[in-house]
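Trainee: I would like to learn how to read a model like this one. Please take me through it step by step.

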Amino acid sequence: MSAAISIQGVSKDFRIPGSKRRLRAVDNLNLEIERGSVFGLLGPNGSGKSTTIKMALGLVRPSKGKCEILGNSSLESSARKRIGYLPEAPCFQRFLTGRELLFYFGKLSGVKKTDLEDRVNSLLVRVGLEDAGDRRVGGYSKGMLQRIGLAQAMVGDPELFILDEPTAGVDPIGAADIAAIIREVREEGKTVLLCSHLLSKVETICDRAAIMVKGKLALEGSVESLTAATDFSSARIEGLSAEGRKQLETFAAEWHFDLSTPRRSLEELFLELAKGDGDLE
Amino acid sequence: MNSSYSILPYALLLALLLGWALSSLDRSITDQLGQRSGVQSLKDVESQFGQGLTVAVLGGYRSIAANLIWLSKNQEWEERDVAGTLGKIALATSIDPRPEMFWLNGARILANDMPTWVVGLENAEQLEITDEGRAIARQYAERALAFLEESREYQSGNPRMHIESGMIYWKKLDDVESAAASFKAAIDTGGAPYFAYRLYGELLIELGLKHEALRLLQSHYETLPDDFLEAMKPVVGDRIRLLKRELNIAD
Amino acid sequence: MSVGGDKLNWSLSRTLVIASNTFREAVRMKLFLGMTGLAICALASSFLFREFNFGSSELKFIADFGFGGMTVFGSALAIIVTAQLLLGEIEHRTAMTLLAKPVYRSEFVLGKFLGVWVTVACFIGMLTLCLVLALWMRESSIRLDYPEEIEQGQSLVHYGGILWFSLAQVFRIGILCALVTLFSTYATSSIFAMVMGVLVWIVGQLQHVATEAGGVVENLVLKTIYSVMGYALPNFHLFDVGEGLAMGEALPISLVGKLLIYGVLYSVFYLAVATASFNRREL
């Protein structure tokens with residue numbers, strides 16, 4: 001079965017207005033996101049995350065390489081049949097009520113008329129807006145906008161979710177609710193690509209993560225492996241055999257130091273990479 | 001940079017092609033419109049540049065611009081300003097030559113009002129008594145006729161222009177023959193009002209063509225409605241009987 | 001179209017969903033309500049202008065104000081609303097969420113166009129209704145004041161002619177909306193699209209003058225410019241079918257048919273180019 005998102009050798013250049021030079025926003029990116037996982041895409045501002053997401057959604061055309069969504073080219077409209085997207089700081093038509101907004105996006109997502117009403121009602125309950133469904137979106141708070149945004153992403157019952165800062169502006173309780181929804185969605189076998197600056201959240205929700213810096217993939221792996229701490233004074237031992245490890249443990253016990261591998265936070269790792277231009281020390 | 005711009009040269013080429021392909025349809029529509037009512041052409045507008053023409057040619061408010069200029073000419077009319085009134089009349093008709101009201105009222109102002117302005121209201125009787133007065137009246141009557149002649153291009157199917165010319169020939173220039181020809185032209189154009197037939201009949205009688213007048217009035221009488229006052233059916237009937245008596249024709 | 005068995009057919013119903021939403025948004029705009037009020041006030045103000053001779057000339061005056069409102073206000077509305085509602089979606093990023101759905105960009109462009117066109121057509125319809133009412137009221141009072149001068153059964157106003165004129169304006173507005181849609185697909189600001197729309201409106205209204213000038217001037221550069229303008233842009237002047245329609249002039253069906261074909265062909269062309277342009281646009 002094909003990956004949920006497959007990005008192969010993708011680069012994106014933007015022409016700088018008034019100049020012949022080009023800005024390379026994404027540089028030879030290779031990324032595979034497996035189905036049924038929650039994947040965190042991290043990086044400082046200007047690292048190319050948003051451009052990568054837009055290429056995945058077909059909103060922007062790669063300058064080089066190819067991008068596939070659930071086995072279809074991202075440039076084809078059919079690829080978006082099974083995607084639910086929540087943009088960063090979502091904006092919606094202010095004159096529509098929450099309910100009308102979900103109906104609108106539901107129709108565009110191809111939800112059958114007979115199923116639409118039930119789905120809209122259940123989604124409003126799921127995101128905690130059952131009492132605000134008949135209010136105009138123009139009067140929603142930031143947190144409510146995130147919730148209705150999540151609901152519109154879910155209205156088409158997609159296989160793949162792309163969520164850009166889903167908990168931005170949401171209070172801790174709301175953020176926890178959203179995190180719970182993401183976990184539920186994973187349990188249903190769906191895939192989630194999550195962009196967030198709240199690294200503590202990413203750490204707790206995501207299975208795997210990638211960090212982009214200046215358009216390049218700096219690091220990628222399971223959250224667990226990424227957050228395995230390195231200590232400035234730790235030794236790097238390659239090719240250690242089982243016998244060798246046993247001897248080292250004996251040595252450590254004699255000299256009273258700990259050989260375990262303490263974890264560091266993803267935030268620490270992120271800051272290290274971002275400040276160090278993508279190189280891990 | 002937005003790569004949408006890259007298709008613009010091709011779009012322009014295709015637009016030119018489409019314009020060329022539709023040019024015959026364009027001409028066909030223009031011809032049909034031109035036949036119905038005056039279509040503004042370059043020669044009409046080029047003399048008027050700078051006189052509020054920009055608003056006028058935008059089409060949507062062309063008629064209103066002409067109407068407002070026409071209304072504003074009332075100021076010059078009240079001041080008995082010949083040149084100013086003439087200028088406004090010319091501007092209104094050049095911006096929008098389609099309303100018959102501009103041509104008819106313009107001609108009436110030329111033929112009836114302007115001679116009085118020239119000699120002065122207190123000397124109005126001079127227009128009929130003195131040679132000089134009669135010459136002024138004649139001059140403006142001929143200008144009115146020339147003005148109505150200009151309207152032919154835009155009012156070709158309108159009998160009222162011929163009727164107005166006929167009235168000027170008859171009442172201002174005492175030219176019964178030309179007046180009769182104008183009324184005949186009005187009737188031949190079609191859609192002439194009832195009084196045109198009656199007046200044409202009187203003119204034919206004045207020219208001594210009583211038989212022709214009788215034939216005209218008889219055929220006209222058959223078309224008249226019984227219940228419409230303006231048709232004056234009884235009056236036409238009386239005239240026919242009078243003519244028959246004069247010509248010794250039995251009823 | 002796609003691999004793996006996924007197919008997305010082009011859908012008129014998705015287009016109409018977008019059109020319906022656009023219509024709902026457009027009629028809520030203060031601009032729409034303001035323009036409608038202004039046009040009706042302009043029509044009502046025509047009652048204040050009285051000429052010396054009453055009757056048909058006064059009715060023509062009222063008709064002129066109504067027709068002028070349809071063309072000028074209708075055109076202004078078409079330009080502004082199209083630019084604001086299409087570019088507004090891109091500027092406010094609502095288009096991103098929408099285009100992340102399984103929607104063809106051509107459905108989006110066509111839906112936006114249809115929504116605005118129907119809105120402006122409704123504006124013209126409302127103005128037509130007000131004009132017919134105003135003329136009927138004035139005609140009735142003239143009949144009461146001058147019963148001997150108007151033949152029984154004779155109508156001073158040809159109401160059918162007014163409807164034909166309104167229809168011609170709907171065709172004109174269609175072309176204008178399609179043009180501004182095209183500009184909006186590559187413009188980065190709605191002001192630019194509006195300015196281009198106004199320019200094209202003026203040039204299109206004078207297109208017949210440019211064509212004639214192209215045949216008259218001797219300077220080769222000017223001749224080329226005039227000829228390009230004459231061919232590249234539609235001739236909006238064709239849709240000035242004559243305010244005389246209200247006063248009884250007949251409009252042949254063949255002319256209406258020709259205007260419809262002209263309007264449809266130009267609108268379809270500009271929308272096709274708009275779609276091609278928008279397909280290449282990066283959001």
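**Reading the core, the chains and a helix pair**

Mentor: This is a predicted model. Start with the core. The largest nonpolar core has 215 residues, and those touching the most other members are A:A151, A:I162, A:L194, B:A144, C:A78, C:V120 and C:C177.

Trainee: Which helix gives the most to this core?

Mentor: Helix α3 of chain C, residues 56-91, with 19 residues.

Trainee: Which residues is C:A78 in contact with, leaving aside its neighbours within four places in sequence?

Mentor: The list is C:V116, C:V120, C:I173, C:L176, C:C177 and C:V180. Two of those names, C:V120 and C:C177, also stand among the residues that touch the most other core members.

Trainee: Next, the chains. How many helices and strands does chain A have?

Mentor: Chain A has nine helices and ten strands. Chain B has 14 helices and zero strands, so read from the N terminus its elements are α-α-α-α-α-α-α-α-α-α-α-α-α-α, following how helices and strands are assigned.

Trainee: What percentage of each chain is buried?

Mentor: In chain A, 44% of the 281 residues are buried. In chain B, 36% of the 251 residues count as buried.

Trainee: And how do I read contacts along the sequence?

Mentor: Take the contacts between residues at least 6 apart in sequence, and ask what share joins residues at least 24 apart. In chain A that share is 67%; in chain B it is 47%.

Trainee: Is B:L91 buried or exposed?

Mentor: Count C-beta atoms within 10 Å; 20 or more others make a residue buried. B:L91 has 22, so B:L91 is buried. This residue lies in helix α6 of chain B, residues 82-95. The C-alpha atom of B:L91 is 8.5 Å from that of B:W70, although the two are 21 residues apart along the chain.

Trainee: Last, a helix pair. At what angle do helices α13 and α14 of chain B pack?

Mentor: Helix α13 (residues 210-223) and helix α14 (residues 233-246) of chain B pack at about 150 degrees, and their axes are 10 Å apart. Angles over 145 degrees count as roughly antiparallel, which means α13(B) is roughly antiparallel to α14(B). The crossing of α13(B) past α14(B) is left-handed.

Trainee: Which residues meet there?

Mentor: From α13(B), they include B:L214, B:L217 and B:Y221; from α14(B), they include B:V236, B:I240 and B:L243. By class, this contact of α13(B) with α14(B) has seven nonpolar, three polar and five charged residues.

Note on methods. Residues are numbered from 1 along each chain as its sequence is written. Chains are lettered from A and ligands numbered from 1 in the order in which they are written. This is a predicted model: local features need pLDDT of at least 70, side-chain atom pairs count only at pLDDT 80 or more; totals for chains, interfaces and linings use all residues. Axes are lines fitted to C-alpha atoms, for helices over the stretch in contact, and angles run from 0 to 180 degrees between N-to-C directions. Helices (H or I, at least four residues) and strands (E, at least two) are DSSP runs, numbered from the N terminus. Angles under 35 degrees count as roughly parallel, over 145 as roughly antiparallel, 65 to 115 as roughly perpendicular and the rest as oblique. A crossing is left-handed if the near helix is turned anticlockwise from the far one by less than a right angle, and right-handed if clockwise. Two residues are in contact if their C-beta atoms, placed from the backbone, lie within 7 Å. Ala, Val, Leu, Ile, Met, Phe, Trp, Tyr, Cys and Pro count as nonpolar, Asp, Glu, Lys and Arg as charged, and the others, Gly among them, as polar. A nonpolar core is a set of buried Ala, Val, Leu, Ile, Met, Phe, Trp, Tyr and Cys residues joined through C-beta atoms within 7 Å. A residue is buried if 20 or more other C-beta atoms lie within 10 Å of its own, exposed if 12 or fewer, and partly exposed in between; C-beta atoms are placed from the backbone.
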